[in-house]
Amino acid sequence: MFARGLKRKCVGHEEDVEGALAGLKTVSSYSLQRQSLLDMSLVKLQLCHMLVEPNLCRSVLIANTVRQIQEEMTQDGTWCAVAPQAAGRAPLDRLVSTEILCRAAWEQEGAHPAPGLGNGHTQGPVSDLCPVTSAQAPRHPQSSVWEMDGPRENRGSFHKSLDQIFETLETKNPSCMEELFSDVDSPYYDLDTVLTGMMAGARPGPCEGLEGLAAATPGPSSSCKSDLGELDHVVEILVET
Amino acid sequence: MREADTLRPPQLMEVSADIISTVEFNHTGELLATGDKGGRVVIFQREPESKNAPHSQGEYDVYSTFQSHEPEFDYLKSLEIEEKINKIKWLPQQNAAHSLLSTNDKTIKLWKITERDKRPEGYNLKDEEGKLKDLSTVTSLQVPVLKPMDLMVEVSPRRIFANGHTYHINSISVNSDCETYMSADDLRINLWHLAITDRSFNIVDIKPANMEDLTEVITASEFHPHHCNLFVYSSSKGSLRLCDMRAAALCDKHSKLFEEPEDPSNRSFFSEIISSVSDVKFSHSGRYMLTRDYLTVKVWDLNMEARPIETYQVHDYLRSKLCSLYENDCIFDKFECAWNGSDSVIMTGAYNNFFRMFDRNTKRDVTLEASRESSKPRAVLKPRRVCVGGKRRRDDISVDSLDFTKKILHTAWHPAENIIAIAATNNLYIFQDKVNSDMH
């Protein structure tokens with residue numbers, strides 16, 4: 001549903017850009033939304049580690065959400081890492097993904113849509129998601145959504161993003177954290193349209209992988225289990241504190 | 001259900017600068033206790049209705065205020081223990097004194113509230129201020145006499161039940177036997193005797209051997225109102241477990257499991273979070289249970305485990321906003337729910353200082369607002385409506401203008417009459433049914 005809506009808006013405003021983005025939209029808009037939700041959830045887990053005493057119920061619910069997303073991404077085969085030679089491309093792809101998110105946010109606000117792909121400048125309140133994701137990119141370009149790789153890389157990339165979380169925790173630099181999350185609370189309604197596609201109801205039809213959302217029982221694969229093991233590690237650290 | 005405009009304008013009490021964290025009527029409804037984030041408890045008492053002052057019929061006045069819990073520091077974990085009062089439960093009154101249990105995240109306290117309206121005067125050895133008399137001035141003996149004095153309400157801590165919980169206490173419930181009570185945290189439920197503070201019995205333990213396997217926590221629990229061996233606890237996955245303490249010492253195996261199968265067409269990444277039960281309450285009859293999850297309230301029949309017998313939508317218009325509500329953490333808000341005295345109407349809070357009431361018999365529902373405007377003397381309490389696009393009436397509020405910082409999490413209903421207490425952040429609203437009081 002979200003992908004279709006976005007297309008219509010694009011036709012209304014920026015027909016020349018639509019062609020370039022059309023290929024990405026149908027397949028990856030849902031993946032982008034899902035990735036964005038995953039990023040947000042990991043940030044939330046990180047934040048609750050910083051609180052005086054984390055609310056266990058909240059932590060468990062967020063961790064379960066992260067698990068669900070990962071299971072689905074593993075099913076889709078999108079839980080993967082970049083092959084080393086493609087590392088150079090990954091940061092640009094990352095910019096594109098966040099660009100689309102920001103663009104959708106702008107459109108919802110009724111402001112002019114971002115000029116185009118070439119303009120890597122991110123705008124609007126959703127831009128605050130960008131520092132989180134782009135900060136990850138130079139560290140571990142493996143975490144780009146589109147490239148394919150083996151299970152070992154999966155473990156590596158997730159492990160690295162956890163490492164980054166724990167490093168931030170250890171430095172406990174409040175100004176740095178505030179910088180990252182200062183505008184997270186600002187117009188959250190913009191995120192609604194961006195992520196509406198994650199809600200119940202119609203899903204972008206053509207993409208087979210998205211059917212995984214409706215599946216009741218994800219079959220665990222070995223790579224899935226190793227990823228879950230890393231997540232369990234996070235949960236263990238959180239709940240043992 | 002009577003129309004909303006038969007409700008009198010509410011009493012508005014500015015209880016404290018602190019956010020009210022719990023509200024509870026006692027068993028007769030004469031007393032109303034509130035706890036706040038600063039660890040204070042404020043008790044209100046209903047004034048007896050008199051013909052001389054018809055306008056103050058049955059109004060609640062402050063009866064007593066005391067500091068129940070103080071902030072503490074756990075040196076072992078280097079964590080602060082909040083003094084916020086999570087729950088208050090009254091004990092059934094057994095003599096002239098009133099007793100209540102109040103709890104923060106870690107410690108439960110039993111408080112005794114007594115009245116003193118007489119004091120002895122005419123001591124032989126002490127003077128009026130209590131200072132020892134110079135014995136040489138005492139020439140005769142007198143018998144001290146009780147003289148009336150201004151009413152003084154004294155509150156004293158009688159028991160402190162500490163060190164029973166590793167995790168945060170979310171509920172306490174007094175057993176119908178009036179001797180025991182239970183306290184539940186995220187992973188365990190303990191049974192205490194009211195007179196014994198140095199030990200408790202663990203009756204439920206859902207902590208996994210390996211904490212990495214933790215996926216579900218206890219969110220609320222309550223004893224059955226009549227059967228002292230039965231209690232229920234709810235989980236973050238939306239299930240209810242009815243346990244019988246006669247079956248085993250450790251009630252990890254439930255007697256009944258109440259769970260509604262997930263609707264596959266409504267499934268999203270937020271399905272589990274919104275199914276988490278934030279409150280569970282037995283009906284006064286003991287036949288039903290009321291649960292609150294993020295978007296609905298459900299009535300369950302104890303005899304049917306497969307699904308609830310009634311489901312009421314509290315604010316379904318939020319279903320399309322779940323992602324934003326996840327981002328700003330509102331999706332984790334824990335709303336409470338309440339039955340009226342006859343179990344015919346149920347009530348729960350929502351956002352924008354709205355609260356909702358559902359009549360189980362007529363199937364009608366109403367949305368009301370706890371606001372300063374509604375507390376003016378001539379104000380008529382009118383039902384509110386949230387519009388979701390489409391036709392919009394004059395006083396409707398659109399979903400996007402809802403204030404999510406104004407949440408009504410805590411509500412209580414008088415055990416017998418149509419009197420409700422609504423906690424809106426740091427204000428307490430008490431609504432009374434006009435019709436009732438006109439009869440006196």
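Guide: Let's begin with Asn163(B), which sits in the loop between strand 11 (145-161) and strand 12 (169-174) of chain B. Strands (E, at least two residues) and helices (H or I, at least four) are DSSP runs, numbered from the N terminus.

Visitor: How do the numbers and letters work, and where does the model come from?
Guide: Residues are numbered from 1 along each chain as its sequence is written, and chains are lettered from A in the order in which they are written. This is a predicted model, where local features need pLDDT of at least 70, side-chain atom pairs count only at pLDDT 80 or more, and totals for chains, interfaces and linings use all residues; side-chain values use heavy atoms, leaving out hydrogens and water.

Visitor: Okay, back to Asn163(B): what is its phi near?
Guide: Phi of Asn163(B) is near 60 degrees, a positive value in a residue that isn't glycine. Most residues other than glycine have a negative phi.

Visitor: And is Asn163(B) buried or exposed?
Guide: Asn163(B) is exposed, with a relative accessible area of 78%. Buried means under 20%, exposed over 50%, and partly exposed in between (1.4 Å probe, protein chains only).

Visitor: What about Thr425(B), where is that?
Guide: Thr425(B) is in the loop between strand 31 (419-424) and strand 32 (427-432) of chain B. Its phi is positive too, about 55 degrees, and Thr425(B) counts as partly exposed at 29% relative accessibility.

Visitor: New topic! Which residues touch the most other members of the largest nonpolar core?
Guide: Tyr294(B), Leu318(B), Tyr326(B) and Ile331(B) do, in a core of 54 residues. A nonpolar core is a set of buried Ala, Val, Leu, Ile, Met, Phe, Trp, Tyr and Cys residues joined through side-chain atoms within 4.5 Å.

Visitor: Which helix gives the largest share of this core?
Guide: Helix 3 of chain A, with 8 residues.

Visitor: And what does Ile331(B) touch?
Guide: Leaving aside residues up to four places away in sequence, Ile331(B) touches several residues, including Phe270(B), Tyr294(B) and Tyr326(B). Touching, or contact, means heavy atoms within 4.5 Å.

Visitor: How confident is the predictor about chain A, going by its mean pLDDT?
Guide: The mean pLDDT of chain A is 52, and 18% of its residues reach 70 or more. pLDDT is the predictor's confidence in each residue, from 0 to 100. Over residues 81-226 of chain A, pLDDT is below 50.
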